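Work through the exercises below with the sequence and the model open beside you. Try each task before reading its solution.

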Amino acid sequence: MSSVSPFHPYATRLPNESPEYAGAREQLQRAEIELMRQREGAAERRRALPPGPAVTDYIFLEGPASLDQGDLPVRPVQLSSLFTEPGRPLLVYQFMYGKKQVDPCPMCTLWIDGFNGVVGHVQRRADFVVIAAADPEQLREHARRRRWDRLRLLSCGASSFKYDLGYFLYT
């Protein structure tokens, strides 16, 4: 393998690295760049899809806006009402919790911990909700333990939302 020039655009020089290591690291970096390009290409193809079939206007259940206000009353919320203005994206995080997933998914919990911190920034450009099959009370109790005080939490447990979107494959 050839050694990487110190002026190569992908070069990071580490003290005492062998030419073999530098070459292997450069190959890995090139593979990662190609993977990024493939992902960007797939996203471009997704955006270019023609309009698909109409989506059911699912009904979700939502408790009070603040977790400190208890769990009642629970009110129905339609999917269509989650879009706050025409053309504004809606980001939905499907939290694997509820139905067969009797314990909250630890990886989902980790991600939602982070979402709670950045949701204010996200909401400048998109609407954002967390949806789980857990009953509203279960979902809100877990949210209280995690201090998810900035997120909109919805239960889809009474609808076929989770199954229609294929999430049953994972939970």
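**Exercise 1. Is His142 buried or exposed?**

Solution. Two conventions come first. The model is predicted, with local features needing pLDDT of at least 70, side-chain atom pairs counting only at pLDDT 80 or more, and totals for chains, interfaces and linings using all residues. Residues are numbered from 1 along each chain as its sequence is written, and side-chain values use heavy atoms, with hydrogens and water left out.

Step 1. Take the cut-offs: buried means under 20% relative accessible area, exposed means over 50%, and partly exposed is in between (1.4 Å probe, protein chains only).

Step 2. The relative accessible area of His142 is 7%, so His142 is buried.

Step 3. Locate the residue: His142 is in helix H3. Helices (H or I, at least four residues) and strands (E, at least two) are DSSP runs numbered from the N terminus.

Step 4. List the neighbours. Leaving aside residues up to four places away in sequence, His142 touches Phe95, Tyr97, Pro104, Thr109 and Trp148; contact means heavy atoms within 4.5 Å.

Step 5. With Thr109 there is also a polar contact between the two side chains, at 3.2 Å. A polar contact is a pair of N or O atoms within 3.5 Å; within protein, one must be able to donate a hydrogen and the other to accept it, and residues adjacent in sequence count only if both atoms are side-chain atoms.

**Exercise 2. How many salt bridges does a search of the whole structure find?** Describe three of them.

Solution. Step 1. A salt bridge is a side-chain nitrogen of Lys or Arg within 4 Å of a carboxyl oxygen of Asp or Glu. The search finds ten.

Step 1. One of them joins Glu62 and Arg152, at 2.7 Å from N to O. Glu62 is in strand E1 (residues 59-62) and Arg152 in the loop between H3 and strand E5 (153-155), 90 residues apart. Glu62 is buried at 8% relative accessible area, while Arg152 is partly exposed at 27%.

Step 2. Another joins Arg88 and Asp127, at 2.8 Å from N to O. Arg88 lies in the loop between strand E2 (75-78) and E3, and Asp127 in strand E4, 39 residues apart. Both Arg88 and Asp127 are buried.

Step 3. Arg146 and Asp113 also meet in a salt bridge, at 2.4 Å from N to O. This pair links helix H3 with helix H2 across 33 residues. Arg146 is partly exposed at 37%, and Asp113 is partly exposed at 28%.

**Exercise 3. How many aromatic pairs are there?** Describe two pairs.

Solution. Step 1. Rings of Phe, Tyr and Trp (its six-membered ring) pair if their centres lie within 6.5 Å; planes under 30 degrees apart count as stacked, over 60 as edge-to-face and the rest as tilted. The count is seven.

Step 1. Tyr58 and Phe161 are 5.2 Å apart, centre to centre, with 80 degrees between the planes, an edge-to-face pair. Both Tyr58 and Phe161 are buried.

Step 2. The ring centres of Phe115 and Phe128 are 5.3 Å apart and the planes are at 70 degrees, so this pair is edge-to-face. Phe115 is in helix H2 and Phe128 in strand E4, 13 residues apart in sequence.

Step 3. Phe115 and Phe128 also belong to one aromatic cluster with Tyr93 and Trp111.
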